[in-house]
Amino acid sequence: MNKPLNGIKIIDFTHVQAGPACTQMLAWFGADVIKVERPGSGDVTRSQLRDIPNVDALYFTMLNSNKRSLTLDTKTAEGKAVLEKMIKESDVMVENFGPGALDRMGFSWERIQEINPKMILASVKGFSDGHEYEDLKVYENVAQCAGGAASTTGWWKGEQSGPMISAAALGDTNTGMHLAIGILTAYIGRQQTGKGQKVAVAMQDAVLNLCRVKMRDQLRLDTVGYLEEYPQYPHETFSDVVPRGGNAGGGGQPGWILKCKGWETDPNAYIYFTIQGQAWSPICDALGKPEWKTDPLYMTPKARQPHIMDIFATIEDWLKDKTKYEAVDILRKFDIPCAPVFSMKELLHDKSLRASGSIVEVPHKERGSYWTVGSPIKFSDLKPEITASPLLGEHTDGVLAELGYSAEQIAALHAAKAV
Ligand code: COA
C-alpha cells in the first residue's frame, strides 16, 4: 500500500508525550522516523509506570510505534558528528526539549540551517518564544492551567469547586497534533520554495486553541454580563470571568450527564443528554411528554433555561429503569444527540473500535503483544499498519550503516560510548 509520507526522513528528538504523539502519527502514514535517545536510559517513559518488570512501559509503547530507535549521546563530539550527518540527510527534526536545550547542545536553528537549509525544525515548548514564561519547563497539567482549560472545567460551587484538569491530553497529544499539521504545512511550503523553516507550537497556545469557545464566552460576558446557556443563568450572579459550567461545558449546547439504571454501583452508568433546540420536539416524543411541545414554559430554549435542572431531573426519572445502552437505543430512534459514558474497559473491548482500527493489538518482541490506540484518521486509500515500538537502540547499527559508517567506525562509536 502506498503510504503518502514514504520518503520523508524525520529525526525524532522527542520524549514523553507531546513530541512522540506527533512523530508517531507521521510514522503511521509512512515517514521514516528515527527516534534519537540517550544511550543507557532512552526516553524516560520507557521505564515509567512499568506493568511488566524490565520491559518497556505502555506509556512508551503506545506513543512510539512504527519508529526506529538510535541511541546517541549528543553531548559527545562523536555523537554531535553523527547528528550533523543525520541533519544533512533528513527532512525534518522534531524536538520537545526544555527551553534552550537544543542551543546548549550546539544545534541552534541558525546552525541547523547552515548544515541543511532545507531542514524543517519542529519544536514543542510550554510557552511561545518571547512569552514572559518562555523559560519554563511544562508538562500536561501545567499547560491545561496555562491555556484556559482548567479555569473553565469543573464545578463552580460546592466542595468540588475549583479549577479542574481534564483526563484528555489537551496539553500533550493535542500539541503534538498541532505540530504535525505545522510540519506537513512546512513540508508542502518547502516543495514550493526549496527552503526549510522552523515550526513551533506552544502547549499553552494549543490548549487555548481548544478553548476557543470559552474565549468567545469571555467576549460575550464582557458585552452582555451574563451567559444564558450556563447553569448559573438566571438564578446566580456572574462575575467578570467565564465561570466553570460543570457538565454543560463545551460549546454551550444545553446538556448534562444523567444517571441511568445501576449508577449506584457502576461509576459509568450515565449518558450525556443534549437538549438541542432542534431536537426538542423528538425529545418530548421519546420521553412521552408531548405536552411539553406546546407548553410556553418548555417551548423555547429561553423558556426552558430557568428550570433546566428540573427538566434533567425528569429525564433522569425516565432513565432510572433503563441501562445506558437501552436509553441510547431508544433515543437514537428519535435522532436525539446522546451517548453512553464509556469506561476505558468498554472502549478497549469495543468491537466497532477494534474493527475500524481505532484499537489495535501489536506484536512486540519483549511484551508478547500490546493493545494500543490506532489512527483516529481514516483514509479511503491508506490503512495505517501499526507496528511495535522499537527497543532502546534496536536500530543503532543499521541507521549508522545507512549514514555511511563502516563496521569499524560503528565499533569505535560504541567504544567511545557515543551510541
Ligand atoms: N544525548 C545527550 N543529552 C541529551 C540527549 C541525548 N540523546 N537527549 C536529551 N539530552 C539532554 C538535553 O540536551 C538537556 O540537557 P541540558 O539541559 O543539560 O542542556 C537534558 O537532556 C534535559 O532535557 P530536558 O528536555 O530539559 O528534560 P527534562 O526531563 O529536564 O524536562 C520536560 C522534561 C518535558 C519538562 C521538558 O523537556 C520540556 O519542558 N519540554 C518542552 C515542553 C514539553 O514538550 N512538555 C511536555 C512533555 S509531554
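Which residues of α8 meet which residues of α9?

1. On the α8 side they are Asn174, Thr175 and His178, and on the α9 side Met203, Ala206, Val207, Asn209 and Leu210; contact means heavy atoms within 4.5 Å. Helices here are DSSP runs of H or I with at least four residues, strands are runs of E with at least two, and both are numbered from the N terminus. The axes of α8 and helix α9 (residues 203-210) come within 9 Å and cross at roughly 95°. Axes are lines fitted to C-alpha atoms, for helices over the stretch in contact, and angles run from 0 to 180 degrees between N-to-C directions.

2. A word on the source. This is a predicted model, in which local features need pLDDT of at least 70 and side-chain atom pairs count only at pLDDT 80 or more, while totals for chains, interfaces and linings use all residues. Residues are numbered from 1 along each chain as its sequence is written, and side-chain values use heavy atoms, leaving out hydrogens and water.

3. Next, the parallel sheet. Six strands form an open sheet in the order β3-β2-β1-β4-β5-β6, with parallel pairing; two strands pair if DSSP finds at least two bridges between them. At the edges, β3 (68-71) and β6 (198-202) each pair on one side only. Neighbouring strands of this sheet are turned by 20° against each other on average, direction ignored. Five bridges connect β5 (residues 120-125) with β6, and serine 123 has alanine 200 in β6 as its bridge partner. Helix α3 (residues 77-89) packs on this sheet, touching β1 (9-13), β2 (32-37), β3 and β4 (92-95), and its direction makes about 140° with that of β1.

4. Then the antiparallel sheet. This open sheet has three strands in the order β7-β8-β9, with β7 and β9 (338-340) as its edge strands. The twist averages 20° from one strand to the next. Strand β8 (residues 270-274) is joined to β9 by three bridges, and phenylalanine 273 has cysteine 338 in β9 as its bridge partner. Helix α13 (residues 308-319) packs on the sheet and touches β7 and β8, its direction making about 35° with that of β7.

5. Do look at the aromatic rings. The structure holds nine aromatic pairs, counted when ring centres of Phe, Tyr or Trp (its six-membered ring) lie within 6.5 Å, with planes under 30 degrees apart called stacked, over 60 edge-to-face and the rest tilted. Tryptophan 155 and tryptophan 256 are edge-to-face, 5.8 Å centre to centre with 65° between the planes. This pair links distant parts of the chain, 101 residues apart: tryptophan 155 is in the loop between α7 (149-152) and α8 (173-193), and tryptophan 256 is in strand β7 (residues 255-259). Ring pairs also link Trp155, Trp156, Trp256 and Phe312 into a cluster.

6. What is the accessibility of tryptophan 155 and of tryptophan 256? Tryptophan 155 is partly exposed at 29% relative accessible area, whereas tryptophan 256 is buried at 11%; buried means under 20%, exposed over 50% and partly exposed in between, with a 1.4 Å probe and protein chains only. In helix α1 (residues 18-28), 11 of the 11 residues are buried, so α1 is largely enclosed by the rest of the structure.
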